[in-house]
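Dear colleague,

Please find below the structure for your review. My notes on it follow directly after.

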Amino acid sequence: MATGLGSLECVKPTNNNVGCLPQNGASALQDQPLSTISCPDSTLGRHLARRLVEIGISDVFSVPGDFNLTLLDHLIAEPGLTNVGCCNELNAGYAADGYARSRGVGACVVTFTVGGLSVLNAIAGAYSENLPVICVVGGPNTNDFGTNRILHHTIGLPDFSQELRCFQTVTCYQAVVNNLGDAHEQIDTAISTALKESKPVYISISCNLPGIPHPTFGKDPIPFSLSPRMSNKRGLEAAVEAVAAFLNKAVKPVMVGGPKLRVAKAHEAFIELADASGYALAVMPSAKGHVVETHPHFIGTYWGAVGTAYCGEIVESADAYVFVGPIFNDYSSVGYSLLLKKEKAIVVQPDRVVIANGPSFGCVLMKDFLQALAKKITRNTTAYENYHRIFVPDGQPIKCEPDEPLRVNVLFQHIQKMLSADTAVIAETGDSWFNCQKLKLPEGCGWCCRYEFQMQYGSIGWSVGGTLGYAQAVPNKRVIACIGDGSFQVTAQDVSTMIRCNQKSIIFLINNGGYTIEVEIHDGPYNVIKNWNYTGLVDAIHNGEGNCWTTKVRTEEDLIKAIETATGEKKDCLCFIEIIVHKDDTSKELLEWGSRVSSANSRPPNPQ
């Protein structure tokens, strides 16, 4: 990780009198040549705004505070940039995360320390999910650095580096901009690093700098560009030869896509290899939506004992498996219970290929490798043929009797019917993970990532901000969000922002009275929450301003009517549908997964 720190020499105060402005407090302005002040658009704030627009950002998610107000003035002055004011910094960060999942990059703007530390959890989540989020913080006045003064919005120490030190572990680059001379370089380096590393970056901009012109901030700046990454040619050739030899002697090889397909932008190359090889094709749970599920050899989600029926058996019985961009953790491995053997595995990461217990090849880009391997591989459909022989179609949930309380499996049967190329699905941490994994994404919901959830970080409440950001990024799609009541209580406020932005998402609020996913891992009274009148809450937030429709659903008949209304008469509204279900109504996959994760969590200490 790199840290860029600006020099303070030109504005260093000449006194340390408590409560007094430094004598040279205006020097940051006075020292600028008059010629630079003549162009009001050539300011630091406008330069940042233009750079954000240039990389594909048209919306920034913000919470105003006194240290970022001038910066926000200059951001909203940029014609191609819209400010989306959020109710709190956590949701602003989650929204930038959701936005980045669709646009490829997102941005949020908060104030110093109180805002920065509030957004930190969301930035950590974006880091874990390999999402480039530009986190901009309005920082202290340049004249306050090094004065030994105590500022508000801090923990009461004259050291202003606490926020920076917190961000160093969850961002790939940090820039503290308190000197106009190198501001252009620091901002451009931060943004380019975020895009190259596919990770968040932190940019702190002193509150008295955004409005100051400077020669480096031309209205038509030097075009922003990234040097293309290239594979080591000889390493690529060696990796392809070795992997082709390994796979071509296998009897029933399979392919499994992982979440880092997004980082490597290798979705099409992955399908190219699948077409050429004829292998049975599966995805890890966190890669759902990255692979076209209508592919003729697609067999479902590989998630061990809780994945798609028959998928785990085919993958784990293979004599060779190609994992492309995987992340193996305790959740994706169902408490480390996957039946995989290293000596059978080819692991392809964004810039490295590892062959079983043998060699690894660095500086080999995933896309290049998959495309080259597709030309060398021998077609082998044995694993898929085995799958086709043992496959039995899914059964249908038992139809609800009239006025019978609605069951969750019936709810998702109806959600399945809503999916099209014009929809996107957001799944909150909890039982929605497992129910949404069983949804079959139709044509058009393929590797453009029309299905999203946060598996690595698993922060409950992520989906409210995530839905806000994703819907803002793709206004032509209708987002369907499945959110549990416990998660919703964490971040509910920004339904307000959805209404204010005229979004038309459909939120299914699943009210089962508690943290169900945690109940299945380890139950206790702390997993029971206070029940809210959720539709009443959203009605109060709506307050007659904007387009919002709410309803409560208790039976299948209620659900059918609600969906008809949401997709018909209220298709241009934000629709909030509260689904009331029994507290023990969960997917069978959650029951299995919860017991295995509980077993992994409760392992006794190793003998010392």
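Strand 11 pairs with strand 12 (residues 345-349) in the parallel sense over four bridges, and Val 347 in strand 12 is the bridge partner of Phe 323. Strands here are DSSP runs of E of at least two residues, helices are runs of H or I of at least four, and both are numbered from the N terminus; two strands pair if DSSP finds at least two bridges between them. Strand 8 (residues 254-257) also pairs with strand 11 in the parallel sense, over four bridges, with Val 322 as the bridge partner of Met 255. Within strand 11 (residues 321-324), Tyr 321 and Phe 323 point one way, Val 322 and Val 324 point the other way, and all are buried (under 20% relative accessible area, with a 1.4 Å probe and protein chains only).

This is a predicted model, in which local features need pLDDT of at least 70 and side-chain atom pairs count only at pLDDT 80 or more, while totals for chains, interfaces and linings use all residues. Residues are numbered from 1 along each chain as its sequence is written, and side-chain values use heavy atoms, with hydrogens and water left out.

Arg 478 is placed in strand 17 (residues 478-484). Arg 478 is buried but has no salt bridge, and Asp 572, the nearest side chain of opposite charge, is 7.1 Å away. A salt bridge requires a side-chain nitrogen of Lys or Arg within 4 Å of a carboxyl oxygen of Asp or Glu; Lys and Arg count as positive and Asp and Glu as negative, with His and the chain ends not counted. The side chain of Arg 478 does reach the backbone oxygen of Ala 566 at 2.6 Å, and a polar atom of that side chain lies 3.3 Å from the backbone oxygen of Lys 570.

Gly 469 lies in helix 17 (residues 462-473) and counts as buried because its relative accessibility is 0%. Its C-alpha atom is separated by 8.9 Å from that of Ser 102, 367 residues apart along the chain.

The largest nonpolar core has 91 residues, of which Leu 44, Leu 48, Ile 57, Phe 61, Ile 134, Val 177 and Phe 488 touch the most other members. Helix 5 (residues 89-103) supplies the largest share of this core, seven residues. A second, separate core of 43 residues includes Val 408, Leu 411, Cys 482 and Ile 579. Such a core is a set of buried Ala, Val, Leu, Ile, Met, Phe, Trp, Tyr and Cys residues joined through side-chain atoms within 4.5 Å.

Kind regards

Technical notes. Buried < 20%, exposed > 50% of the residue type's maximum accessible area, 1.4 Å probe, protein only. Polar contact = N/O pair within 3.5 Å; in protein donor to acceptor, adjacent residues only side chain to side chain.
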